[in-house]
Amino acid sequence: MIITDFLVCDDVRHEINGKMALAGIYNEFVILNEKNDVKFPMSFRLGIYARIKIQDSDKMLPDAFDFEFSQGGNREVVVKKGKMDINVRTNLFALTILFGNFPIKSDERVQFKIRFYKSDVQICE
């Protein structure tokens, strides 16, 4: 599996007609406040929209995932887990996650990992 698109935004909405509505899409950097008075730790609303391409070499379709976020060298992480229902062979699927209060400890970079599972066995990272 390959991540073809990874967008960070303020909000992700699933519309009735099957489309996604993304609001407040960030560019290269997430600027929390233009002033120099940002106080850490803090939290804010954060949406993730990822499109994943399934390759012919992928033997199994996932039924679960987790997103793991870490910041700087700190081992404290935020993990968001979820179930997936991909019951037909597809070449591309979208994964959306919305954090109501995403924690930020400092102004260091936030890194992420996505892991996919089939019957509780990790099949891809």
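Phe6 is partly exposed, at 27% relative accessible area. Here buried means under 20% relative accessible area, exposed means over 50%, and partly exposed lies in between, with a 1.4 Å probe and protein chains only. The model is predicted: local features need pLDDT of at least 70, side-chain atom pairs count only at pLDDT 80 or more, and totals for chains, interfaces and linings use all residues. Residues are numbered from 1 along each chain as its sequence is written, and side-chain values use heavy atoms, with hydrogens and water left out.

**Aromatic pairs**

A search of the whole structure gives nine aromatic pairs. Rings of Phe, Tyr and Trp (its six-membered ring) pair if their centres lie within 6.5 Å; planes under 30 degrees apart count as stacked, over 60 as edge-to-face and the rest as tilted. Phe67 is buried, with a relative accessible area of 0%.

Phe6 also pairs with Phe112. Their ring centres are 4.3 Å apart and their planes meet at 5 degrees, so this pair is stacked. Phe112 belongs to strand β8, so its pair with Phe6 in β1 ties together parts 106 residues apart in sequence. Phe112 is partly exposed, at 35% relative accessibility.

Ring pairs build a cluster from Phe6, Phe44, Phe65, Phe67, Phe69, Phe99, Phe102 and Phe112. Phe99 has a charged neighbour too: the charged end of Lys80 sits over its ring, 5.1 Å from the centre. That label requires NZ of Lys or CZ of Arg within 6 Å of the ring centre and within 35 degrees of the ring normal.

**Strands and sheet**

The protein has nine strands and zero helices. Both are DSSP runs numbered from the N terminus: helices are H or I with at least four residues, strands are E with at least two. Of the 125 residues, 31% count as buried. Among contacts with a separation of 6 or more, 67% come from residues 24 or more positions apart. A contact means heavy atoms within 4.5 Å.

Three strands form an open sheet in the order β1-β4-β7, with antiparallel pairing. Its edge strands are β1 and β7 (92-104), each pairing on one side only. The twist averages 20 degrees from one strand to the next. For such angles, axes are lines fitted to C-alpha atoms, for helices over the stretch in contact, and angles run from 0 to 180 degrees between N-to-C directions. Strands of a sheet pair through backbone hydrogen bonds, either parallel or antiparallel. Two strands count as paired if DSSP finds at least two bridges between them. Strand β4 (residues 42-53) and β7 run antiparallel and are joined by eleven bridges. Lys53 has Leu92 as its bridge partner in β7.

Asp11 lies in strand β2 (residues 11-14). Asp11 counts as buried, at 8% relative accessibility. Its side chain makes polar contacts with the side chains of Arg13, at 2.7 Å, and Arg45, at 3.0 Å. A polar contact is a pair of N or O atoms within 3.5 Å; within protein, one must be able to donate a hydrogen and the other to accept it, and residues adjacent in sequence count only if both atoms are side-chain atoms. Leaving aside residues up to four places away in sequence, Asp11 touches Ala21, Leu22, Ala23, Arg45 and Leu98.

Val110 lies in strand β8. Val110 is partly exposed, at 37% relative accessibility. Val110 and Ser70 are 40 residues apart in sequence, yet 5.7 Å apart in space, C-alpha to C-alpha. Beyond residues up to four places away in sequence, Val110 touches Phe69, Ser70, Gln71, Phe102 and Ile104.

**The loop between β8 and β9**

Most residues other than glycine have a negative phi. Ser119 and Asp120 have positive values, although neither is a glycine. Ser119 lies in the loop between β8 (110-118) and β9 (121-124), and Asp120 is in the loop between β8 and β9 as well.

| Residue | Phi | Relative accessible area |
|---|---|---|
| Ser119 | about 55 degrees | 52%, exposed |
| Asp120 | about 70 degrees | 69%, exposed |
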